[in-house]
Amino acid sequence: MQSTAPDIPVIEQAYSKLSNSITVEWRAVLGATSYLLTAQDGDSFTETVVTNSPGTVTGLKPATLYRITVRSINSGGKSQPSPFRKAKTVLAAPILSVSSPSCDSIAVSWKAVYMAAGFSVSLMRSDGLGRMLKENTTNTSLIFTNLDPGTLYTIKAYAWNVNGIPGDDFTYNQRTSPKTPADVQVAFNSGALRAIVSWMPTEGALTYSVTASRGLLKLKCNTSSASCMVPSLQCGSEYYVSVTAYNDAGSSKPTDAVSLKTIPCAPVNVSIEEDEPGHLLVSWSSVNFGHYYVVFVKSDDGLEVHCNTSHTQCHFQSDCGFTYFISVFAYNKAGQSPLGDVFNYTTAPCCPGDIRAAVVSSDTLRVTWAPVRGAEMYATRARGGSGEVLCNHTAAACTLSALRCDTRYDITVYSFSEARGSNTSCASKSVATAPCSPEIKNISKDTLSVISVHWQSNNKEATYIVTARGEAGLWHCTSSGNSCTLINLPCGSAFSVSAIARSPAGQSLPSYSVPLETAPCCPNELIVTQVTQSVTNISWSVGMGAQTYVTALESPKGQAKCRTLQNYCLLGCITCGTNYTVSLKAISETGLTSSCTYQGYSSGACCPSGVKLYRLGNNGIRVHWRASDEKINYNTDLHGSKGNFTCTPSSGLSHCDITEIPCGDVYTVVVSPVNDKGPKLTFCPKKIYSVTCSGSSLGMGKSTQYIHSKSMFVKHVSIL
């Protein structure tokens, strides 16, 4: 076990290689386990414990003279300090400030170093290629030129004192700034309004910056590749594009600016005019960098046309009733302008065609037409007769009412759309209304079957048709004047008479009807029958339209008349053997009368008077009478149960003899005038006589008388 301190070491040398340390060498001391190194500068000192030689004291000040001592140490303690040696720390390393002001140079600068007499700076590519450049200087800055752009260099610098002893060195790696990029290309994307800028890669460039300048506006994009996209460019602008390369040394010079003209902006102030029907004029304002323009016009049926022009307007053919969608584009070498506003222009609707006017009545026209493209509504206007009638409708038909009859109107059908209004270029059509209705002023009866109708003629050119309508049928007459005659109207009929006017334009409404009644018909058949010597029955067929009848028999001796609702009549006070005129009047319910005449009638001859029977011999009887007229012949009839007997005396005689008449029977005796032209008269008085076989006398008168004879007795029973 060591109990005493070790021997004092002896310093062999002390020197400084670094500005903050001094290295000490000594001979080893037997038994020493460590050594204490001390560097003293005036009142300050620095100690360091080391285990063997050499040892280094650190934490010193550069370019400072120190007194160096060494003590050996073991478990027994420390030895005394060794004899000191003086040693001075070397100069401090210059602290470099390095930059690459250009792509082929590096600038090095530093602050002055204490006690430095000069400086030595060397530069070499970090990859070992090329030769090293070295410069000695007493200045505090230095520039190395003709270097490779974008290359990493290693820079070493140190200071030396007046004795030429170098101090600490300072090493710095610096890259030269990149070279300006070459072959800059600009590809413009017109659709996206952006540009792709590309270039050849530059040695040593870490990043690139692309600048697109337009006035004060600058658009940038940064990238580490050899291309970059510049977005959000504005249309109608010219940009100056440059590329700058960057690395940790700085930036290259910007490339020469490349001009980029973007696509033109969409034309504005677009106006569309239909300067005349069928022609559209599209105009717009010119735009920057617009070399030419294309106008696209697409109709709503899908058809599209376009116009190329370097001017600011285009003409197009257009059709009525179409909606056109119009786009205007500007073009230059960069491409097409963005889509601007799409304008739509609706042309005026087409004029209706195939216009037809049908007469509904004298004051009404039904106007129809073919529907047309683009029309949402139609307006029908009728001008004429110092007035105007307007009708609006959405359908392709319109009824114009309250027109003047027998008037010519100019009818125009206008089409209308909400977008364009009314098409006022439509042509009119001249249409005449139907004639005015006539007004019947008078109806006169020329004869029973001839009626004249008079009306007020109030049309320029018209034919009038008069119609008599009744259960018996229709009768017409026609005239272009103001009257016409209805003929062959049946008797006993009621009619409604009206008139219409007809012209090429149409037919008027009927006039107000006027009632017409014809006189009742005379009966076709009339029969006169003599009932008694003084009474005659007249019967007749029904006369159409008659309600009452007045019949009369007239002769110089007098008149017999009868008024009845029936179709027969008994007339008394007729004179026998007289020629009569037969007349009949048929009277209607309203009092119209038809006087009818017929063939004359002769009443039968007068019956004889004073008829008596006388007995003749051999069963014979003489009938005797007083004749009313010697010119009349008579006929005697006896009717009994045993037989009928007739005798007709010669002309002028007033008796008649009947022979071989059986007795014992009752006979009815009638003496009647003989009518050569008609049947036997049956109305003369009848007398009944009883002829017996026991007496010889004949009864006469109302008293009982006898005719005596051998075999017959005649008794007058009664007179009928």
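This is a predicted model: local features need pLDDT of at least 70, side-chain atom pairs count only at pLDDT 80 or more; totals for chains, interfaces and linings use all residues.
Partly exposed here means a relative accessible area between the limits for buried, under 20%, and exposed, over 50%.

**View 1. The disulfide between cysteine 320 and cysteine 350.** The two sulfur atoms sit 1.9 Å apart, and this bridge belongs to a model with a count of 14 disulfides. The torsion about the S-S bond is about 90°, so the disulfide is right-handed. Cysteine 320 lies in the loop between strand 28 (313-317) and strand 29 (323-332), while cysteine 350 is in the loop between strand 31 (343-346) and strand 32 (353-361), so the pair ties together parts 30 residues apart in sequence. Cysteine 320 has 30% relative accessibility and therefore counts as partly exposed, whereas cysteine 350, at 10%, counts as buried.

**View 2. The disulfide between cysteine 391 and cysteine 398.** Here the sulfur atoms are 1.5 Å apart. Both cysteine 391 and cysteine 398 are buried.

**View 3. The disulfide between cysteine 562 and cysteine 569.** A distance of 1.4 Å separates these sulfur atoms. Because the S-S torsion is about 115°, this disulfide is right-handed. Cysteine 562 is buried, with a relative accessible area of 15%, and cysteine 569 is buried too, at 3%.

**View 4. Cysteine 573, too far from cysteine 562 for a bond.** The closest cysteine sulfur to that of cysteine 573 belongs to cysteine 562, and it is 13 Å away. A disulfide needs the sulfur atoms within 2.5 Å, so this distance is too far for a bond. Cysteine 573 is exposed, with a relative accessible area of 75%.

Technical notes. Residues are numbered from 1 along each chain as its sequence is written. Side-chain values use heavy atoms; hydrogens and water are left out. Helices (H or I, at least four residues) and strands (E, at least two) are DSSP runs, numbered from the N terminus. Buried means under 20% relative accessible area, exposed over 50%, partly exposed in between (1.4 Å probe, protein chains only).
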